[in-house]
2 protein chains.
Amino acid sequence: MKRRPTIIDVALQAGVSKTTVSRVIGSEADLVREETRNRVLDAIETLGYQHNAVARSLRTDRTNIIMLAIPDITNPFWPGVARGVQDVMDSEGYAVVFANSDWNGPREALFLQMAARNRFDGILINPIQISNDTLKSTGIPTVILSSSEEYPDFDCVGSDSYGGTRLALEHLFAQGHRRIGLISGQRQQRSGHSRRSSYTDFLNSHSLPEDKRLIVDTPFDQAGGFNAMQQLLDLPEPPTAVCAANDILAIGALRAALESGLKIPRLLSIVGMDDIFASSTTTPPLTTVVKSKNRIGQLAAHFLIDRIRGLDHLQPRHHLIPCILQLRGSTAPLNI
Amino acid sequence: MKRRPTIIDVALQAGVSKTTVSRVIGSEADLVREETRNRVLDAIETLGYQHNAVARSLRTDRTNIIMLAIPDITNPFWPGVARGVQDVMDSEGYAVVFANSDWNGPREALFLQMAARNRFDGILINPIQISNDTLKSTGIPTVILSSSEEYPDFDCVGSDSYGGTRLALEHLFAQGHRRIGLISGQRQQRSGHSRRSSYTDFLNSHSLPEDKRLIVDTPFDQAGGFNAMQQLLDLPEPPTAVCAANDILAIGALRAALESGLKIPRLLSIVGMDDIFASSTTTPPLTTVVKSKNRIGQLAAHFLIDRIRGLDHLQPRHHLIPCILQLRGSTAPLNI
DNA sequence: TTGTAAGCGTTATCAT
DNA sequence: ATGATAACGCTTACAA
């Protein structure tokens, strides 16, 4: 495998200086006479020259690479967001590096170090452990993918899970449900909180009593949902409807309910959140709160590009994308 | 935001030459006296020095970044593979850039160009359009993620869909089924072929007649599976079992069958392929052929690392990871 | 054990 | 409109 041609080879071949070649391949192409430019382009063609982004980055101090750091790539929510991010970043000429921490804090820190060492131009992150200050110390423009309030120095883009939860609860209320359970995941305290407070506020606004036993914290997986549901069904007065913090929990809950012989939605309504693919293929299909993954990704990407372009004077912006309720077969009017 | 410290700042601070600093942060740390090393490390600490990977790459011609190019990140198969890839690459010190072509040929080409320009150390790709020769012309070590035979110059890692299909068909045969439909996607001719030929070979080996009407080519989505199933059910003599090229098709087929009032699996058996999350949450849950996404990713990563390390003399290796049949509720003995 | 200096492939600053 | 030349921050012979 022979050496790759450089800008110098091209210059020699075209009979010009390397400066001229640099002009042609860079952003100053119009400063060079058309005839010369064509000679250069021909040389590039015949040599099969590909410009060296590494060398360019060293000189310009810009890599055109951004990092997207997420905790779990197998959670279908993130690929959805990632696609939105890529839509924008592609068209702006940025490559997107995925960093998948698998919920591992030290790994998350490692990835940030990698971003810093490689002089990536920006970071999009759904933080699991890293603090506002550590993030600031990287010196890299960063946007938070979360509705958390813990990162006051950064732009944040998240989904309005408070509003989304409210949407779900009001729907159940309108169907006549008054005893509504909440299955909330325990790992992410932050989004957990907004759902939790939405639940409390909902109860208050309708003057419903708060029964602690109706709130179950559980690990964020199907088994967690399953167990939580069993726990709720074992109550002396089980709920007539259940709201789960995400679809996977909801699907676990659905399965537990079905296995215990309950007819869904006749005897129990269930609402999930996220609208993952599987929630449309259960029997009955799951009513769920939809977050617009694509829009989250796109907006976050735009925010990040603003920051990269040096809009540092802007106050940190927080934006929550509203949720939509996707009605399907797992909810129905209260059966009296 | 002030300038990042360089190796020179560290050298000054520690009272040594930049060579020494380079030795300490690089792979020659043991060549330097412990006391000196500690002085350097202290300087690094107090200055908050982060080494510049861009400059290092320019000098060493290695970026420690590889690209994973796939057609569709929202297809849960790929995140699974990606995780296997990352497991290996992380531990070898490589960062993984995702490139998601969205089944768009020109975009795929663009990504390869990006890999070349950025001097990535390697490429893992599930090719959708690009040819063996174009791939070779990048000059970058590359491993193909596919069981295709169209890339004779590269290592290939795929899953044995021929064997997997056979597994599914033999299972149905053992259950007494003799009239078995095949729903095969049309987009990827390659894997389509292996399933198709497996089907034909299966029929021959059991001396079953081949009925063209039992084979339906359809787009690779749920609607495709739905329509294909309807088409099969409209046959004068519908199949008693159906084998689909992937779970999404199978789920579409399942839904079509249920909607037309068929009891599954009593009146119709369905087998999918891939074991996506949703296939475990349908009613009944789907019997499916499992590909070991993780092992595919890991093996491909190892192959790629071999190539990067310069094992060019090796013949191109093709490896098919065997599939496993995951029995669930969508298949049952033929009901006579 | 440590230092000097050349060079990686660009872009940017001056000249011409 | 084009060219000469100095950076960019690092690694690596080679020297001391």
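Colleague: How does chain A lie on chain B, in terms of turn and shift?
Modeller: In this predicted model, chain A can be laid on chain B with an RMSD of 0.1 Å by a turn of 180 degrees and a shift of 0.0 Å along the axis, where the copies are superposed by least squares on the C-alpha atoms of residues with pLDDT of at least 70 in both. The two copies are thus related as by a two-fold rotation axis.

Colleague: And through which surface do the copies meet?
Modeller: The copies meet through the same surface, because 100% of the interface residues of chain A are also interface residues in chain B.

Colleague: Before I go on, what conventions are you using?
Modeller: Residues are numbered from 1 along each chain as its sequence is written, while chains are lettered from A and ligands numbered from 1 in the order in which they are written. Since the model is predicted, local features need pLDDT of at least 70 and side-chain atom pairs count only at pLDDT 80 or more, whereas totals for chains, interfaces and linings use all residues, and side-chain values use heavy atoms, with hydrogens and water left out.

Colleague: Which members of the largest nonpolar core touch the most others?
Modeller: That core has 84 residues, and those touching the most other members are I183(A), M229(A), I270(A), I183(B) and I270(B). A nonpolar core here is a set of buried Ala, Val, Leu, Ile, Met, Phe, Trp, Tyr and Cys residues joined through side-chain atoms within 4.5 Å, and buried means under 20% relative accessible area, with exposed over 50% and partly exposed in between (1.4 Å probe, protein chains only). A second, separate core of 52 residues includes I70(B), I73(B), F98(B) and I308(B).

Colleague: What is I270(A) in contact with?
Modeller: Leaving aside neighbours within four places in sequence, the contacts of I270(A) include V242(A), L254(A), I264(A) and L286(A), contact meaning heavy atoms within 4.5 Å.

Colleague: You mentioned I264(A); what kind of peptide bond joins I264(A) and P265(A)?
Modeller: The bond is cis, with omega about 5 degrees, and P265(A) sits in the loop between α11 (247-259) and β9 (269-273) of chain A. In chain B, a cis peptide bond likewise joins I264(B) and P265(B), with omega about 5 degrees.

Colleague: Switching topic, how many residues does helix α12 of chain A have?
Modeller: Helix α12(A) runs over residues 293-308, which is 16 residues, and reaches 22 Å from its first C-alpha to its last, close to the 22 Å expected at 1.5 Å a residue. Helices (H or I, at least four residues) and strands (E, at least two) are DSSP runs numbered from the N terminus, and the expected span is 1.5 Å times one less than the number of residues.

Colleague: Which residues of α12(A) are buried, and what covers them?
Modeller: Among the buried ones are I296(A), F303(A), L304(A) and I308(A), and the cover includes α5 (77-92), β3 (122-125) and β11 (318-321) of chain A.

Colleague: What about Q298(A), which other residues does it touch?
Modeller: Q298(A), also in helix α12 of chain A, counts as partly exposed at 27% relative accessibility, and, not counting residues up to four places away in sequence, Q298(A) touches G84(A), V85(A), D87(A) and V88(A).

Colleague: Last one: is D61(A) buried or exposed?
Modeller: D61(A) counts as exposed, at 55% relative accessibility, and has a positive phi of about 65 degrees although it is not a glycine. R119(B) also has a positive phi, of about 55 degrees, without being a glycine, but R119(B) is buried, with a relative accessible area of 10%.
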